[in-house]
Amino acid sequence: MKIARARAVARKEVFHILRDPFTLALALLLPLMMVTIFGIAIEFNVQNIKIAVYDGDRTQASRKLIDALGSSRYFLIDRAATQYSAIERVDAERDRAALIIDPKFEYDLLSGRGAEAQLILDGSDNSTVGSIISYFGTMQNLASEKITGEMQRPEVDLVTRFLYNPELNSKWFVVPGLMVVVLAILSILLTSLTVAREWENGSMELLLSTPAEPIEIIIGKLFPYVVLGLGAIAFVYAIARLGFGVPFLGNHLVFLLGSGLFLATYLAQGLLISVAARTQQLSMQIAMMSGFLPSMLLSGFIFPIESMPPFFRILTMLLPARWFMSISRDVFLKGSDLNDLKIPFIALACICSLMVTIAVRRFKRDVEP
Amino acid sequence: MKIKINPTILGFIKKEFSQALRDPRMRMMLFAAPIMQMTLFGIALTSDVKNVRLSFQPRPNDTVLEHVVEHALASKWFISAHTTRMDPFEQVQSDEADVVIVPPPEGLTESIGRGQGRVQILVNASNVIKAQSVEAYIRSILDQVVANDFQRGITAPPIHFDMRILFNPSMETPVFMVPGVMSTLICLITILLTSMSISKEKETGTFEMLVSAPVKIWEIMLGKTLPYVMLGMSNIPLILAVAVFAFGVPMRGNLIILFIAAFFFICTTVAVGTLISVVTKTQQQSMMGGFLFLFPAIQLSGMMFPIENMPLGMKVLAYLNPITYFLEMLRNIMLKGGDSHVILSHLAVLALMAVILTTISYKKFHTTLS
Amino acid sequence: MSEPITVKVNHLTVQFGDFKAVNDVSFEVPAGQIFGFLGANGAGKTTTIRVLCGLLLPSQGEVKVAGISYHDPDGERRIKSKVGYMSQKFTLYNDLTVEENLLFTASLRKIPRPEFEKRKKELFDFISFHRDPKTMVKDLPGGMKQQVSLAASLLHDPDIVFLDEPTAGVTSAARARFWDLIRDLAKRGKTIFVTSHYMDEVEQCHRIALMRSGELIALDTPEGLKRTTFPNPLYELKPHQSISFSEVEAIRAEGSFEPYGLRYHVSATTPNLWQEFVKKYGKDFETKAISPTLEDVFIRLVEGKNR
C-alpha cells in the first residue's frame, strides 16, 4: 500500500469538502449549535409547573400549605374557583396537576387524625409526572413542618453524597452525551452521502480504474472526515468546558483516543452503508435508521441501558455510541483513566476494526469488475 | 361522475412511486424499518431506573443493614454489585457499583438504637435522573426497614397526598414513549425523502427536462410532494398497529381523527422538506438541511425533555415546532380520547405552518433556469 | 419558396450580472430547416437554445418561437408547449424503464392516453426501437439512450425541436442513424436546431450559425461559409524533413497558415502572393490543393482570431 496514493485521494476529498461551504459549515456548526442549544434547553429538574389549586378550606393551615408550594421554585399556583374547574384545567392541559383541599383540612390536621388533600396529575406526559410525584414527596414533610411547626425527624438521617455531579447539574449530564450523539450522526451521514454520491455520478468507477488499491481509496476518503470530526469534537469540547463549565477531570489523551476510535468506527459504517446502498437516498435512510435513531435512543444518552430488557442490553453492546458515551461521561465527570475504562475501550476497538474490515472487504468485493 | 385528476400530478405520483419502490431495499426502509424501529424503541426505552448496582460496606452484626440490602435486592430496582475493591469511592470510580451504602462505624442497628441513626450513601451522579431516583428508592427502603425492625409505626406525616394519575394510571413507559417514537419516525421519512427527491432532480439534470415542459409551478410542487404524503400516511396504520397491539398503548380516541391529525402533520413536514429542497442544490445539502431541522425538532418536541423547563427562547422554538403539536394531539387522542378544542387548535396551527411554508417554497421555485 | 418563419431572434442579449453570455444575436429560421449551432464551449450556444426553449428569460431583445413571444400573455408556457428539447445532460430517468419514462413525459405534457399509445408506436417505429419497453434506461446502450431521449422530446409532436449535443459519446454508426432520423423529421416540416462538435454532422445542416464569445460571427449554408471564409484556393502543405519547425513558424508569421495536425492549410490573399510563396518555399513542402472543410472554417473563424 502506498501512502502517496492514499494522500492523493485524501487531497481530492478535501477539495470536495472545501468547495461545498454549505456542507462544511453545517458539519462544523451543527454540532456546535446543537450542543449549545440543548445544553441550555435541557433541564430535568422541573420548575414552574403550573398547578391548579382549589382551596375548599380557606384556613390558616390550607393557606400555609399553598404558600409552601408556591414559594418553591417548582410550582406556579393557578387558583381555581371550584373543585371541578381545577380538575378541568388538568383535563384541558392548561395545568399539569390539580390540588384539591377539602373543607375539613385544618380540622383533621389539628385533631391529629392526619389531613388529606387530593392531588390529580396529568399522566400523559412522562417528562413531568415522575418529578411532580417526587417533589410532592419532599413537600409533604416541608409543608407539615411549616403548618404544625413540628419538625419531622426521620429515624435515620440519610446523607447522600452525589459523586461527580454534586449539584445534580443537568448540563453536566447532558452535554458530554450530546456530543457523542451529534458526532455519531454527523459522521455516518457525511460519509454515507459523499461516497454514495460518487457511486451515483460514476466518479467512483473512475477512481477505481486508477492503480489505487481499495484500501488506499478508503483511507484517503475517510481521513479528511476524521480530521473534520476531530475538529468538531474540539469545538464542542470548548463549549462544554467554557460555556457550560462542565468539569474535565480525566486525561485528554485518553479522550482523544476514544474520540478517534469512535469517529473511525462511524465513518467506516458510513462507508459500508454507501457501498451497500449506492444511492444517496437509500444511504440516507439506512444511516438514519442504523445511525441516528440508535445513537440517540439506545446509547444510554437519556434512557439508561441498565433499565432495558436483557436482550437490548446485549444489543447495545454493538453500538459504538454506547461505549463512547460511557468513555465521554466518565472521562469528563469521573476522571476515569484507561484502566477504569478498559472494557469500553476494548469494545470500541473491536467494533472499530470489525467495521473497518467489513467495509474494506465489501468495498473490494463490490468493486472487482 | 368521473373525477378528472390532473394528469401531470398523476404522472408524477406514478413516477415517484416507481422510483422509490423499485429498489427492494428502499421498500424495506420505508415499511419494515419503521415497524422494527417502533418495536425496538418501544421495548427498549424506559426512563424507569432498574438494575442499579448496589454495594455496601459491611459491618459486623448489623441486622438493619442486612435487611436494607436484602430488601433492596428483592425489589426490582437494585442488583448486587460485583466488587473487587474495598474502598467505596474506588468502587464507584471503577464503575463496579452505582451506589454504595456506607453505614457508621458502629453499624446501623446500633446507631439507630442510640437515637443517632445516620447512614451515608455514595451515588454516581453522572446520570442526574438516575441519581435522584436511587436516592428516593433508598430513602423509602430505609424507612420501611426501620419501621419493621424497630416495631415503630412509621410516623405518618400529618399531611398525606392522595394521588390520582389521569390517563396513564400505571405510568407505563411505552405509553409515554411510543407516541413520541411515532412522531419521530414519520417526520424523519417525510422530510428527508421529500427534500432529497427534488434535489436529486436538480443534481442529475432531469430538473431541466421537467421545466422544459409547460408545467405550472404548483403542478411540479404537488407532483413531488403528494407521493411522499401518501407514503407517510401509509406508514401510519403500520406504526399504530405496533403501538396498540404490541405495546398495549390505549387508543381511546377516534381513528379517523387520528388519521386527519396525521395528515395535517405530514403535510406540514412535507412542506418543510419542500422548502429545504428549494433552497439547496444537492442531495447532500438537502440532507444536511433536513437534519438541521430534525435534530432540534425532535429534542424540542416535549418527547424527551419537558418544555416547561426550557428557557423562553427555546420554548418559543418548541412552539414553532410541528412535532410538538402532533405529539400533543397524538397523546391526547390516544390517551384521553381526543378533546375537540385541543385538536382543532393544533390542527389550525399545523395548517397555518403548512400554508406559510408552501407559499414561501412556491415563491422561490423557478420554472426557468435563471 | 417561402416557408413560414418559425424562429425569430432579434438583438437577443442574455446577461448574468456583468457577463454577457449572448450578445446582440439576431437570426431567423424557417420551417423544415436543420439549423446548426457551432462554436467553442462557453460561446453561448446552450444559453441561446435555452432561451428559445422557454427556459431562460432574455435580458434584452425579442424572441419569437412559433409566433409566440415571451412578452405575450403566458408566453413562457406557450413556447414550451410548442417545442421539444433534448438537453446536453441526460433527460431520461436512469432508474425508470423506457415505457415509464415516456409515460411520465406524456403526463407532463398532458397527452391523453389513446393519443400517447399511438405516438409511442409511431416513435418506436421511427427510431426502430424493437426492444422490450420495460427495459431500464440504465441498461440501454448509449446510442439507444439518445434515440429514446429524442423520442421523448418528440412525444407531443412539436413543430420545433432543439437538440443540444444529441450525439455526444455515441458510436459513429449510431450517429449516422441519428442523423437519418433528423433529416426525416426535417422533411416532415419540422424545424430542427442542433448543436454539435462533430464537423461531419454539422455539414448536414441546411444552415449554420457560428458563435464566439456570445456573438454571432457567421451565418450561412455550409457551402456559403466555406466560400466566404476561403475565397482563395486552399492548399495543404506537408513539411519535408529539410525544413525545421522553427523555420516554419517563422514563415507562418508572414501569412495565414493554419496548422492542421502535422500539416498546414494555407490560403493566400492574392494569387500573386501565392506564386511568391511557392517560389520561396515550394521545395520545403509537399503541396496539394484541397477544398475547404467546415473544420477549416471553424479554425479560421473561431480559433484563428485568438492567435
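**A walk through chains A, B and C**

The C-alpha centres of domain 1 of chain C and domain 2 of chain C lie 41 Å apart. The model is predicted, so local features need pLDDT of at least 70 and side-chain atom pairs count only at pLDDT 80 or more, while totals for chains, interfaces and linings use all residues. Residues are numbered from 1 along each chain as its sequence is written, and chains are lettered from A and ligands numbered from 1 in the order in which they are written.

Start with chain C. Its domain assignment gives domain 1 (32-51 + 73-221) and domain 2 (231-291); such bounds come from an automatic or database domain assignment. Along the principal axes, the C-alpha atoms of chain C fill a box of roughly 75 × 45 × 40 Å. The chain has 11 helices and 14 strands. Helices (H or I, at least four residues) and strands (E, at least two) are DSSP runs, numbered from the N terminus. Of the 307 residues of chain C, 38% count as buried. A residue is buried if 20 or more other C-beta atoms lie within 10 Å of its own, exposed if 12 or fewer, and partly exposed in between, with C-beta atoms placed from the backbone. Two residues are in contact if their C-beta atoms, placed from the backbone, lie within 7 Å. Among contacts in chain C between residues at least 6 apart in sequence, 72% join residues at least 24 apart.

Next, a sheet in chain C. Four strands form an open sheet in the order 2-1-4-5, with antiparallel pairing. Strand 2 (19-30) and strand 5 (68-69) stand at the edges; each has a single partner strand, so one side of each is left without a neighbour in the sheet. Two strands pair if DSSP finds at least two bridges between them. Strand 1 (residues 5-16) of chain C is joined to strand 2 of chain C by eight bridges, and the two run antiparallel. Within this pair, Val9(C) stands opposite Phe27(C) in strand 2.

Now take Phe37(C), in strand 3 (residues 34-39) of chain C. Phe37(C) is buried because 25 other C-beta atoms lie within 10 Å. Leaving aside neighbours within four places in sequence, Phe37(C) is in contact with Lys45(C), Phe193(C), Val194(C), Thr195(C), Ala209(C) and Met211(C). Ser69(C) is 32 residues from Phe37(C) in sequence and 21 Å away in space, C-alpha to C-alpha.

Ser213(C) sits in the loop between strand 9 (207-212) and strand 10 (215-220) of chain C. Its phi is near 50°, a positive value in a residue other than glycine. Ser213(C) counts as partly exposed, because it has 17 C-beta neighbours inside 10 Å.

Turn to chain B. Its domain assignment gives domain 1 (7-45 + 168-364) and domain 2 (52-149). The centres of these two domains of chain B, taken over C-alpha atoms, are separated by 47 Å. Asn51(B) is found in the loop between helix 2 and strand 1 (52-56) of chain B. Phi of Asn51(B) is near 55°, again positive in a residue other than glycine.

How do the chains meet? Two pairs of chains touch, and the most contacts are between chains A and B. No contact joins chain A and chain C, whose closest C-alpha atoms lie 11 Å apart. The contact between chains A and B takes 91 residues from chain B and 87 residues from chain A. On the side of chain B that touches chain A, the largest share, 11 residues, comes from helix 6 of chain B. The residues of that side divide into 54 nonpolar, 21 polar and 16 charged. Here Ala, Val, Leu, Ile, Met, Phe, Trp, Tyr, Cys and Pro count as nonpolar, Asp, Glu, Lys and Arg as charged, and the others, Gly among them, as polar.

Asp157(A) has Arg118(B) as its bridge partner in strand 4 of chain B.

Last, the cores. A nonpolar core is a set of buried Ala, Val, Leu, Ile, Met, Phe, Trp, Tyr and Cys residues joined through C-beta atoms within 7 Å. The largest has 196 residues, and Met179(A) and Val182(A) have the most contacts inside it. Helix 7 (residues 170-201) of chain A gives the largest share of this core, 19 residues. Apart from this core lies another, of 72 residues, including Leu12(C), Leu38(C), Val98(C) and Ala106(C).
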